[in-house]
Amino acid sequence: MTNMPVFMHFIYSFISTIGFAIFLKAPKSTLIPGGFVGGIGWAIYYFLMTVTNNNIMSNFIAALLVSLSSELLARRLKQPAIVFTIPGIILLVPGLGMYNTMLYLVQGNYTAAIAKGADVLFIAVALSMGVLIVTSLFKTIFMVSQKKAAR
């Protein structure tokens with residue numbers, strides 16, 4: 001991790017998230033709010049990593065917050081939540097870890113490949129569980145409110 005202040009991490013991740021949203025053809029009205037989702041997610045991840053040094057928990061909590069803010073923005077801006085979730089979460093994906101896992105495999109360093117691959121797998125599960133928990137909660141609340149309205 002770099003020694004930049006958290007607000008600089010926020011600014012760079014804000015810009016990166018907007019870039020990913022443009023690449024994924026998100027509606028123009030969602031670019032700035034989506035940038036805030038990614039910026040907040042990465043800033044929370046960076047802060048938690050500096051405090052706890054626990055990569056898996058930091059990714060899980062950041063994914064929870066990205067998903068929660070995506071769901072709230074989706075309702076407010078009348079857009080699908082995935083428009084905010086995918087660009088916001090892509091910064092947390094452990095791409096370097098995946099690359100290093102493959103590099104170790106090609107080099108024949110199987111113990112390092114297994115160690116790095118397991119770390120990447122746990123991070124991927126933490127990210128997916130963070131998104132899954134919030135999305136399931138919002139879907140359940142929506143279904144319950146629909147049943148109450150139908151009565």
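The backbone oxygen of Asn54 lies 2.7 Å from a polar atom of the Ser58 side chain, a polar contact in the sense of an N or O pair within 3.5 Å, where within protein one atom must be able to donate a hydrogen and the other to accept it, and where residues adjacent in sequence count only if both atoms are side-chain atoms. This is a predicted model, in which local features need pLDDT of at least 70 and side-chain atom pairs count only at pLDDT 80 or more, while totals for chains, interfaces and linings use all residues. Residues are numbered from 1 along each chain as its sequence is written, and side-chain values use heavy atoms, with hydrogens and water left out.

Ser58 belongs to helix α3; helices here are DSSP runs of H or I of at least four residues, numbered from the N terminus. Ser58 is buried, at a relative accessible area of 0%, where buried means under 20% with a 1.4 Å probe and protein chains only. Beyond its neighbours within four places in sequence, Ser58 is in contact with Tyr45, Leu48, Met49 and Thr52, contact being heavy atoms within 4.5 Å.

Let me turn to the helix itself. Other buried residues of α3 include Asn59, Ala62, Val66 and Glu71. Among the elements covering the buried residues are α2 (31-52), α4 (82-89) and α6 (110-150).

How far apart are the end C-alpha atoms of α3? They are 32 Å apart, which agrees with the 33 Å that its 23 residues should span at 1.5 Å a residue, counting one less than the number of residues.

Finally, the two ends. At the start of α3, a side-chain oxygen of Asn54 comes within 3.3 Å of the backbone nitrogen of Ile56. Just after α3, Lys78 adopts a positive phi of about 55°.

Note on methods: Helix = DSSP H or I, 4+ residues; strand = E, 2+ residues; numbered from the N terminus. Buried < 20%, exposed > 50% of the residue type's maximum accessible area, 1.4 Å probe, protein only.
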